[in-house]
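Please look over the sequence and the structure first.

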Amino acid sequence: MSEAASRAAPLAQHDWWRGAVIYQIYPRSFADSNGDGIGDLPGITAHLDHVAALGADAIWLSPFFTSPMRDFGYDISDYCDVDPIFGTLADFDALIARAHALGLRVIIDQVYSHTSDQHPWFRESRSDRTNPRADWYVWADAKADGSPPSNWQSVFGGPAWTWDARRGQYYLHNFLTEQPDLNLHNPQVQDAALAAAKFWLDRGVDGFRVDAINFAMHDPLLRDNPPATDGGPRTRPFDFQQHLYNQSHPDIVRFLERHRALTDGYGGRFTVAEVGGPTPEAEMHAFTRGDTRLNSAYGFDFLYADRLTPALVRKAVETWPDTPGTGWPSWAFENHDAPRAISRWIDPQHRDAFAAMKMLLLMSLRGNAILYQGEELGLTQVEIPFERLQDPEAIANWPLTLSRDGVRTPMPWQADAPALGFSTGDPWLPLGADHAALAIDRQAGDPGSLLNLTRDLVALRAANPALRAGAMHVEHATDALLVFTRSGDGQSLLCAFNLGAGPLDWRPAQPDRYRVLRAVGGADQDGLPAYSGLLLAQIA
């Protein structure tokens, strides 16, 4: 069987997504095909071999839709077209065809909570109070003193309401002023959102990541949010409130059930919710409960943590018990919004060992494993000077909000090429000073590289049913020691990790019952050196 055919074979599986490895691509920064310094769809298509060689099951594409790019594609002005910066619909079709030929599924973002203020829907809605789309966005009269309808604050800073003189009303925007909130309570708006999803399903996409879905419906009574009572940091006005009324309305699940009915009509499609916030677990479970809502929810447990600890892992995984009706988790250590984990969690001296241990841990967790582009290379966070910042949140809240630009820098393909092979032009963001040494062409030829280790570990996960979709039980989670079991399909694994800087004198209780399945960092059945991991398979 050819490589392409063997990779394509899993496409026929029903629950292909359960335990899948999903590779996130940020299109602006993956590969530029035309020399304008911005990544694009043809650039992605030309480099999909890299993702297939990792053994990933799917790619997740961050937004590539028509947009003024005030929030780099999350402000959509046409849900059913490709922004010219990224290419054309024909380029997208070519990407789908190439991905499927390589056995890769394609998941794309859908943004239902808001649009761009340049979207034709909003332009019509704001024109007056009687037009056919007058109620497609969240409009409200001023209070008697002219102030906004409620005290709600925007994620990006300042009030979540902006006055519009044409309507003589305020409109809601939980994010940028240029991102007005859709009124998803309106059945017509739901129909339009589902029509956009159908457009992409008909073009062959295999699923959706539903962006910021907990912001998709507001409290129609416009009640004020109470003050925050936790001890978290207060870098934005948004942080001073409990977000009880500007988001998280219970009717969101009714829309998700309509969405699931649509995707189920296509067979084998996958949907995952993005649910942020300090306590998202209840919503994540509500959005994925049973067989009529989304398949999975995207956990933020690790994305903003300043340390990787056994207690953190235990808390995250035990939130998703293997019980009837409970949804399926998806885990990420890095993404396009969060600082690189390798820069958050470890000092430069120990990065290599830690990166290997971290990758083995991610591939050992119960749930889907989401790799962000460059994570397989051990890319570090890039310091972006203020004058080069592109991120609107970082610019608005400088210097208290860490720029998202530092994790969105271009992929290093070739160590000795201009712009590290990302583009023949000037990249839209500066390249990491240490990223040439981590370039793909250098790591591909090094048997001991993180890139080659990642390929091995993804293959290990695929080949062992206990890792792919088995049950998980945490046995120990002390200061540095993490031990858990994975079991399923007649296979039982014991997984031990040292997340600390000193060696641990740990041994399995009955070592003769196990054989070493995989070890990193010098771990074995006689002990766990600093930043090491060990997978043991029980002998039948």
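**Pocket lining**

The residues lining the second largest pocket divide into 4 nonpolar, 11 polar and 8 charged (Ala, Val, Leu, Ile, Met, Phe, Trp, Tyr, Cys and Pro count as nonpolar, Asp, Glu, Lys and Arg as charged, and the others, Gly among them, as polar). This is a predicted model: local features need pLDDT of at least 70, side-chain atom pairs count only at pLDDT 80 or more, and totals for chains, interfaces and linings use all residues. Residues are numbered from 1 along each chain as its sequence is written, and side-chain values use heavy atoms, with hydrogens and water left out.

- The lining of this pocket has 23 residues, of which Trp17, Arg18, Arg260, Asp291 and Asn295 lie nearest the centre.
- On a 1 Å grid over the protein atoms alone, a pocket is an open set of points where a 1.4 Å probe fits, with protein on both sides within 12 Å along at least five of seven lines; lining residues have an atom within 4 Å of a point.
- The volume of the second largest pocket is about 380 Å³, taken as the space filled by probe spheres set on the points.
- Helix H8 gives the most to the lining, with 3 residues (helices, H or I, have at least four residues and strands, E, at least two, as DSSP runs numbered from the N terminus).

**Ser330**

- Ser330 is found in strand S12 (residues 328–332) and is buried, with a relative accessible area of 0% (buried means under 20%, exposed over 50%, partly exposed in between, with a 1.4 Å probe and protein chains only).
- The side chains of Ser330 and Ser296 are joined by a polar contact of 2.7 Å (a pair of N or O atoms within 3.5 Å; within protein, one must be able to donate a hydrogen and the other to accept it, and residues adjacent in sequence count only if both atoms are side-chain atoms).

**Sheet S6-S8-S7**

- This open sheet of 3 strands has antiparallel pairing (two strands pair if DSSP finds at least two bridges between them).
- S6 (139–140) and S7 (161–164) stand at the edges, each with a single partner strand, so one side of each is left without a neighbour in the sheet.
- S7 and S8 (residues 169–172) pair over 4 bridges, and Trp161 has Leu172 in S8 as its bridge partner.

**Positive phi**

- Most residues other than glycine have a negative phi.
- Phi of Ser248 is near 65°, and Ser248 is partly exposed, at 23% relative accessible area.
- Phi of Tyr531 is near 50°, and Tyr531 is buried, at 8%.
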